[in-house]
Amino acid sequence: MADIIINATQWTSVDHVGFSEALSQARKSYNEGGIPIGCSLISADGTVLGKGHNQRIQKSSPTLHAEIAAVEDAGRLKASTYRDCTIYTTLSPCSMCTGVILLYKIPRVVIGENKNFSMGGEDLLRQHGVKVVILDDPACTALMAQFIRQKPEEWNEDIGEV
């Protein structure tokens with residue numbers, strides 16, 4: 001079972017930076033007419049290495065999810081750098097994004113919410129030793145639910161549903 005952080009006072013200063021950046025990216029995507037999912041890749045010292053948001057609609061890309069965009073924004077990094085990072089994402093990662101986390105052996109994932117979407121990526125991450133933290137953040141949940149109500153066709157396209 002994942003850790004659930006209920007009270008923001010339990011967060012470290014690095015967690016505040018990482019999650020705030022991810023949520024900011026989600027809002028940016030929503031304001032651009034895109035799917036409101038944001039992500040940041042943060043080093044243990046709190047340095048933002050990469051950030052991004054879902055840009056499937058904005059760039060007509062089949063693969064430009066938030067986690068992929070954040071890793072791309074970070075650029076080419078040494079394998080050891082990833083192993084000292086946390087990836088913050090506003091929504092439970094899909095299979096593709098779970099794969100990038102596993103590929104680069106990112107040891108910790110902080111997920112804003114998993115009520116609107118969860119395809120089992122969390123279990124796969126845990127099986128591979130990744131620490132999964134679910135924030136159950138009301139702002140993430142509300143923003144995503146609002147988008148799904150407003151644009152169900154775009155949402156279903158994003159998650160590969162008919």
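Q: How many of the 5 residues of strand β4 are buried?
A: This is a predicted model, and in it strand β4 covers residues 85-89. The strand is largely enclosed by the rest of the structure, because the count of buried residues comes to 5 of the 5.

Q: Which residues of β4 point the opposite way from Thr 86 and Tyr 88?
A: The side chains of β4 go two ways, and all of these residues are buried. Thr 86 and Tyr 88 share one direction. Pointing the other way are Cys 85, Ile 87 and Thr 89.

Q: Which residue of β4 is the bridge partner of Leu 41?
A: Strand β2 (residues 38-43) runs antiparallel to β4, and 5 bridges join the two. For Leu 41, the partner in β4 is Ile 87.

Q: At roughly what angle do the axes of α3 and α5 cross?
A: Helix α3 covers residues 66-74, and its axis comes within 8 Å of the axis of α5. At this meeting, Glu 67, Ile 68 and Val 71 in α3 meet Met 96, Cys 97 and Val 100 in α5. The contact residues divide into 5 nonpolar, no polar and 1 charged. As for the angle, the axes cross at roughly 35°.

Q: What covers the buried residues of α3?
A: The buried residues of α3 are Ala 66, Glu 67, Ala 69, Ala 70, Val 71 and Ala 74. What covers them includes β2, β3, α4 (79-82), β4 and α5.

Q: Is Glu 67 buried or exposed?
A: Glu 67 sits in helix α3 and touches residues including Cys 39, Ile 87, Leu 91 and Cys 97. Its relative accessible area is 3%, and the cut-off for buried is under 20%. So Glu 67 is buried.

Q: Which side chain does a polar contact of 2.7 Å join to that of Glu 67?
A: Among the residues that Glu 67 touches are Thr 89 and Pro 93. The polar contact of 2.7 Å is with the side chain of Thr 89.

Q: With which side chain does the side chain of His 53 make a polar contact?
A: His 53 lies in strand β3 (residues 48-53) and counts as buried at 4% relative accessibility. Residues it touches include Gln 25, Lys 28, Leu 64 and Ala 69. The polar contact, at 3.0 Å, is with the side chain of Glu 32.

Q: What is the relative accessibility of Ser 60?
A: Ser 60 is in the loop between α2 (56-59) and α3. Its phi is positive, near 50°, in a residue other than glycine. Ser 60 counts as exposed, with a relative accessibility of 65%.

Q: Where is Lys 105?
A: Lys 105 has a phi near 55°, a positive value in a residue other than glycine. Lys 105 counts as partly exposed at 49% relative accessibility. Its place is in the loop between α5 and β5.

Key
Residues are numbered from 1 along each chain as its sequence is written. This is a predicted model: local features need pLDDT of at least 70, side-chain atom pairs count only at pLDDT 80 or more; totals for chains, interfaces and linings use all residues. Side-chain values use heavy atoms; hydrogens and water are left out. Buried means under 20% relative accessible area, exposed over 50%, partly exposed in between (1.4 Å probe, protein chains only). Helices (H or I, at least four residues) and strands (E, at least two) are DSSP runs, numbered from the N terminus. Two strands pair if DSSP finds at least two bridges between them. Axes are lines fitted to C-alpha atoms, for helices over the stretch in contact, and angles run from 0 to 180 degrees between N-to-C directions. Contact means heavy atoms within 4.5 Å. Ala, Val, Leu, Ile, Met, Phe, Trp, Tyr, Cys and Pro count as nonpolar, Asp, Glu, Lys and Arg as charged, and the others, Gly among them, as polar. A polar contact is a pair of N or O atoms within 3.5 Å; within protein, one must be able to donate a hydrogen and the other to accept it, and residues adjacent in sequence count only if both atoms are side-chain atoms. Lists of a residue's contacts leave out its neighbours within four places in sequence.
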